[in-house]
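Morning, everyone. I have one structure to show today, and I'll keep it brief. Here it is.

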Amino acid sequence: MLFSDLLNNSLDQIKGGEVSADSINDAKSKLEEMRGKSPYDQCKTCFSEVARLLDKQIDLMRSLRVYRENDLTGESMESLPEEETVIEILEPLSNKQRLQILKALFAETKTFSALAELTGLRGGNLLFHLQKLQDGGMILQRNERGDYMISEKGYRALRGVAELYSDLGSKRINSEPIKSP
């Protein structure tokens, strides 16, 4: 009953159209408080599942644009390291075939052969792109000759690119400069 109340409260906030970071933090705190009071080790499974469902609801809130976290400030922009950002995030994503690979790995692992067929790349060309994604921490290989899979970083980067494209890519953007606050 407590779990359903927590999750239903999140759904009510989605319906309301605006969700604050405080309410998200409050829901997470309530879940952790309940977890701390759980009497049995078997409860861990239920708490993990509810936490996963809450995270899915938060993702839904983000995609519906009713919740935005981490509003960027001038300070956070100044602390953004240019070289590391390019090497670790932008460069691995800056190629059509690498984006195809990430999209394919989003749902399931793939073999080298499957990725070659998907991208139209062979041998060394495909290895080059896979290595760029591995160096950027976007994908992993199970073992030396195993399937490729998306990493948490790759998953989050691809999700971020999809959100960015949704916000900016398919719309005409006003080209006037942004004024600092």
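This is a predicted model: local features need pLDDT of at least 70, side-chain atom pairs count only at pLDDT 80 or more; totals for chains, interfaces and linings use all residues.

First, the overview. The protein chain has nine helices and two strands. Read from the N terminus, the order is α-α-α-α-α-α-α-α-β-β-α. The protein chain has 181 residues, and 27% of them count as buried. Now the contacts. Take those between residues at least 6 apart in sequence: 58% join residues at least 24 apart.

Next, the helix pair. Two packed helices are described by the angle between their axes and the distance between the axes. Our pair is α6, residues 96-107, and α7, residues 112-119. Their angle is about 125°, and their axes are 10 Å apart. That angle makes α6 oblique to α7. The crossing of the two, α6 and α7, is right-handed.

Which residues of α6 and α7 meet? From α6, we have Gln97, Gln100, Ile101, Ala104 and Leu105. From α7, we have Leu115, Leu118 and Thr119. By type, the residues of this contact are five nonpolar and three polar, with no charged ones.

Let's stay with α7. Which residues of α7 are buried? They are Leu115, Ala116 and Thr119. Look down the axis of α7, and these buried residues fall within an arc of 105°, so they line one face of the helix.

After α7 comes glycine 120. The phi of glycine 120 is positive, near 80°.

Last stop, threonine 85. This residue sits in helix α5, which spans residues 82-93. Is threonine 85 buried or exposed? Its relative accessible area is 17%, and buried means under 20%, so threonine 85 counts as buried. What does threonine 85 touch, once we leave out residues up to four places away in sequence? Threonine 85 touches Leu80 and Leu90.

Definitions and conventions: Residues are numbered from 1 along each chain as its sequence is written. Side-chain values use heavy atoms; hydrogens and water are left out. Axes are lines fitted to C-alpha atoms, for helices over the stretch in contact, and angles run from 0 to 180 degrees between N-to-C directions. Helices (H or I, at least four residues) and strands (E, at least two) are DSSP runs, numbered from the N terminus. Angles under 35 degrees count as roughly parallel, over 145 as roughly antiparallel, 65 to 115 as roughly perpendicular and the rest as oblique. A crossing is left-handed if the near helix is turned anticlockwise from the far one by less than a right angle, and right-handed if clockwise. Contact means heavy atoms within 4.5 Å. Ala, Val, Leu, Ile, Met, Phe, Trp, Tyr, Cys and Pro count as nonpolar, Asp, Glu, Lys and Arg as charged, and the others, Gly among them, as polar. Buried means under 20% relative accessible area, exposed over 50%, partly exposed in between (1.4 Å probe, protein chains only). The arc is that of the directions from the helix axis to the C-beta atoms.
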